[in-house]
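Here is a brief report on aromatic ring pairs and their surroundings. The sequence and structure come first.

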Amino acid sequence: MCARYKLELKWQEYTTAAYFDWNAPPLPTNDRLSGCDEVRPTDAMPILRRDDDGGLVADLRHWGYILMVDGKTLGPDGRPKKIRKSVINAMSEKLATSFMWKGSFKARRCLVPMSSWDEWPTIAGVRQRMRVSMPGAPVFMAAGLYDLNVDPKTHEKVAVFTICTVPPNEFLGTVHDRAPMVLLPAQHGDWLDGGEAALRLVGVHPDADAFDVKPA
């Protein structure tokens, strides 16, 4: 999955109780929880999660877990300088085992609403921006994780999320070698509730005919 997705400006109209397979309360009205035509890493975007009482809530979080990694430039001590990186995707194959993801997978799963995502495959020798959507679904949900990170530069706490990705089905494999882990409405509750039900969903993906790919 590349680093762009879209969320319809009226996304909350599609995420009421009628959209989900359980009795979700209406989401709060908040101008800050708006959509965006081009979501980029570190943008603050809405995610859906369970609160401490099991209710469905939406809040704004920055896209990408914060991580410090070795850069290409050496410091005075001859060691690579650390640079700040936003980890925007979590491979589904590593959710339950990776040191970085297993804590969030166990306790902090979320749904990431989106209307489409973009890829840049090379077609006839030219990179072309392609948009992946789900016909009939103005907003659909990708599996995600969330956490509270400390920015190593500012030392401020930052609410963050990442999108889980899977190997694509044959159709989506024509535009990229990874795809968001899209969940169907009947799977939303299992993912949020966790445990064995969430574990069984790891790596799932709707059938190829659920998606449409067109030039952006």
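## Ring pairs and burial

L67 is partly exposed, at a relative accessible area of 31% (buried means under 20%, exposed over 50%, partly exposed in between; 1.4 Å probe, protein chains only). The residue sits in strand β5, residues 65–74 (helices are DSSP runs of H or I of at least four residues, strands runs of E of at least two, numbered from the N terminus). Its C-alpha atom is 5.9 Å from that of R84, 17 residues away along the chain.

This is a predicted model: local features need pLDDT of at least 70, side-chain atom pairs count only at pLDDT 80 or more, and totals for chains, interfaces and linings use all residues. Residues are numbered from 1 along each chain as its sequence is written, and side-chain values use heavy atoms, without hydrogens and water.

The whole structure holds 6 aromatic pairs (Phe, Tyr and Trp rings, for Trp the six-membered one, with centres within 6.5 Å; planes under 30 degrees apart are stacked, over 60 edge-to-face, the rest tilted). Two of them are tabulated.

| Pair | Centre distance | Plane angle | Class |
|---|---|---|---|
| F105 and W191 | 5.8 Å | 45° | tilted |
| W117 and F211 | 5.9 Å | 75° | edge-to-face |

F105 is in helix α1 (102–107) and W191 in helix α2, so this pair ties together parts 86 residues apart in sequence. Both residues are buried.

W117 belongs to strand β9 (116–119) and F211 to the loop between α3 (195–201) and β17 (212–215), so that pair ties together parts 94 residues apart in sequence. W117 is buried at 1% relative accessible area; F211 is buried at 5%.

Ring pairs also join Y5, W63 and F161 into a cluster.
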